[in-house]
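My notes follow in the order I worked.

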Amino acid sequence: MLHRLTLLVAFLLASLPVLAEPLCARDALDRDICLPEPAARIVSLSPGATELLFSAGAGDKVVGAVAWSDYPPQAEPLPRVGDSSRLDLEAILSLQPDLVVAWVDGNSRQQVERLEQLGITAFWLAPREFEDIPLAIEHLADLAGTSDVAQSEVQLFRQGIGELKAEYQHAEPIRVFYQIWDQPLMTINREELIGKAIELCGGVNVFGHLPRLVPRIGTEAVLEAAPEVIVTSGRERNDRQWLADWQAYPSLPAVAAGNLFLEPPDLLARPTVRMLEGVSHLCQTLETARGRL
């Protein structure tokens with residue numbers, strides 16, 4: 001009798017529905033974001049987030065993205081939901097997402113909070129270190145249920161950054177001014193990820209000490225800092241003029257040495273796996289600059 005009762009209890013327990021563990025990840029606002037099941041409809045609120053979602057193996061789950069989400073090519077035909085600084089909340093709601101991925105340095109906190117009030121889960125990203133990039137991919141993969149797919153991208157990035165650090169750890173220091181805008185004249189400090197790339201390559205960011213991530217400066221400040229290399233990123237036709245303008249100051253060490261360089265756009269500007277290629281290119285640029293001093 002006891003044996004039959006035991007078998008009956010075991011049968012009843014086996015018949016009960018198995019409740020899946022929620023999928024959780026900690027976002028850049030230090031919140032534990034949990035979903036009852038893998039996200040099936042995701043809207044990306046920044047071009048960088050779009051790239052990271054595809055790297056996480058969740059590209060087929062992305063149903064909308066902001067303007068300038070142009071990489072990978074599969075992202076270009078996605079429905080647009082405004083741009084990073086001004087979201088189209090109506091367009092986002094019409095896509096019925098179960099997850100939106102936001103960017104701390106670009107999206108409006110107020111707009112994303114409004115989406116959350118309407119019942120949409122938001123996950124915030126803010127890569128500040130190289131390791132934050134693979135971590136972001138892993139977190140997004142956890143929420144999308146694509147962890148197995150994401151591992152190859154994560155491993156390649158970590159390995160590549162490690163190799164670059166080893167290669168340039170003893171590089172001769174060189175003073176760098178990285179220009180990200182012309183009018184007003186703008187640069188980055190050492191806490192911004194491009195600043196971390198400069199340091200990895202053995203460069204010394206002449207404005208690294210400034211408190212703001214993206215400081216505004218004046219021409220006189222650049223002349224006083226006397227950088228040995230000036231770097232900007234952009235397309236040849238449009239942005240080469242930014243570098244040409246510095247030719248008006250022939251006593252500037254960077255100008256005297258011919259160390260004015262244009263880096264490929266997007267590779268450093270977006271904290272994604274493509275940044276590995278961008279950092280490698282920047283390191284080669286600074287190595288070229290050293291040879292001209």
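Predicted model: local features only at pLDDT ≥ 70, side-chain atom pairs only at ≥ 80, totals over all residues.

**Entry 1: T50.** Leaving out residues up to four places away in sequence, T50 touches S44, A65, S69, Y71 and A75. I then looked up where T50 sits: it belongs to helix α2, residues 47-55. Is T50 buried or exposed? Its relative accessibility is 0%, so I logged T50 as buried.

**Entry 2: S44.** I followed the contact list to S44. S44 is part of strand β3, which covers residues 42-44. I read a relative accessible area of 0% for S44, so this residue is buried too. What does the side chain of S44 do towards T50? I found a polar contact between the two side chains, at 2.7 Å. I also noted the neighbours of S44, again without residues up to four places away in sequence. Among them are A49, L53, G64, V66, V81 and V101. A65 is on the list for S44, and A65 is also on the list for T50.

**Entry 3: salt bridges.** How many salt bridges does the whole structure hold? My search returned 13.

**Entry 4: R158.** I took R158 with E131 to start. Their closest N and O atoms are 2.5 Å apart. R158 lies in helix α6 (147-168), while E131 lies in the loop between β6 (122-125) and α5 (132-144). The pair therefore ties together parts that are 27 residues apart in sequence. R158 has a relative accessible area of 31%, so I noted it as partly exposed. E131 is partly exposed as well, at 35% relative accessibility.

R158 also meets E138 in a salt bridge, with N to O at 3.1 Å. This pair links helix α6, which holds R158, to helix α5, which holds E138, across 20 residues. Why does E138 count as buried? Its relative accessibility is 19%, and the cut-off for buried is under 20%.

**Entry 5: R26 and D32.** I found a salt bridge between the side chains of R26 and D32, 2.7 Å from N to O. R26 is partly exposed, with a relative accessible area of 40%.

**Entry 6: a network.** Which residues does the salt-bridge network link? I listed E51, D70, R270 and R274.

Conventions. Residues numbered from 1 in each chain as written. Heavy atoms only, no water. Helix = DSSP H or I, 4+ residues; strand = E, 2+ residues; numbered from the N terminus. Buried < 20%, exposed > 50% of the residue type's maximum accessible area, 1.4 Å probe, protein only. Contact = heavy atoms within 4.5 Å. Salt bridge = Lys/Arg side-chain N within 4 Å of Asp/Glu carboxyl O. Polar contact = N/O pair within 3.5 Å; in protein donor to acceptor, adjacent residues only side chain to side chain.
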